[in-house]
Amino acid sequence: MKYDLVIAYRICPKMSKKSPDYVGTDKLSFSKKCLESFKKSLEGLNYKIYALLDNCPKDYEDLFVDLFKPESFEILHLEDYGNKKTFKKQIDILSSQNDAEIVYFAEDDYFYVESIKTMVDILKSKKADFVTPYEHVSCYIDDHVIPNRVTLFEGKRFVSVQHACLTFMTTKQNLIENKRYFSIYVDWFGSDFVVWGCITLGSSFFKYSKLILDLKNFSLINLKVYGSMVLYALHRFFLNKKYVLVMPIISFGTHVEKDFMASGFDCKGIFQDSK
């Protein structure tokens, strides 16, 4: 393979409604700060980036031109694709490319504080099938039915979890094998919880069924989540077909959002100081 890692990095000129107030309204400035941190996180890796610019003015292309070597990235201009269609574009690019076995789905509102090389290494070691860069608080809040096993790897602690967001790393082979389930987000129900449940639960789904069908937990959204998993992955649950998703207990980076910032991040200081 030509590279250690191939990345599909999606970016748009609109601020997310989930962004904290302190990052302001200048998406270009915010994107630059996040992209600079991402470049630092790639130290020690030979990589290629597919930059998916969704309805972005030229200033966003210039971010990549200014930060990266010309041979390390390729710009793809998209017109009003939106969240679901840009994710589908990531799936299509990363599952069809032949330059690296390890692939990364990246989004423009993540801030990184250290190298993500360990994420590449843990996938190569086959101690995990998928890995997210940040410790998502909801993984401690939600009801879980899969065992949370802690693995020590290269001095970092990783814990197995049931779900994550849509910034993650895996192998091309794992992506191809689970392409049907990632497509649920695009074609059926825009819930990453459903996607990851189909991939990680295995026979633990039947314990999850008891939780979700309990009258005290009943809601239309929970019923839709449950029904979607049954529709797409019931055969996997009977066969106990599952993949291991892990997250670091101390994050490599964080999703910069109001409600679920990774612990230990002073993003308010970082972004206010940059204004």
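Author: A salt bridge here is a side-chain nitrogen of Lys or Arg within 4 Å of a carboxyl oxygen of Asp or Glu. The model is a predicted one, in which local features need pLDDT of at least 70 and side-chain atom pairs count only at pLDDT 80 or more, while totals for chains, interfaces and linings use all residues. Residues are numbered from 1 along each chain as its sequence is written, and side-chain values use heavy atoms, with hydrogens and water left out.

The structure holds seven salt bridges. One of them joins Lys58 and Asp62, with N to O at 2.8 Å. Both residues lie in helix 2, four residues apart, so about one helical turn separates them. Helices (H or I, at least four residues) and strands (E, at least two) are DSSP runs, numbered from the N terminus. Lys58 is exposed, at 56% relative accessible area, and Asp62 is partly exposed, at 22%. Buried means under 20% relative accessible area, exposed means over 50%, and partly exposed lies in between (1.4 Å probe, protein chains only).

Asp121 and Lys117 form another salt bridge, their closest N and O atoms being 3.1 Å apart. This pair is in helix 4, and because the two residues are four apart, about one helical turn lies between them. Asp121 is buried, with a relative accessible area of 14%, whereas Lys117 is partly exposed, with 34%.

Glu114 and Lys156 also meet in a salt bridge, at 3.5 Å from N to O. Glu114 belongs to the loop between strand 5 and helix 4, and Lys156 to strand 8 (residues 156-161), so this pair ties together parts that are 42 residues apart in sequence. Glu114 is partly exposed at 32% relative accessible area, and Lys156 is buried at 12%.

A nonpolar core is a set of buried Ala, Val, Leu, Ile, Met, Phe, Trp, Tyr and Cys residues joined through side-chain atoms within 4.5 Å. This core has 49 residues, and Leu5, Phe38, Phe64 and Ile116 touch the most other members. Leaving aside residues up to four places away in sequence, the contacts of Phe64 (heavy atoms within 4.5 Å) include Tyr9, Leu35, Ile49 and Phe73.
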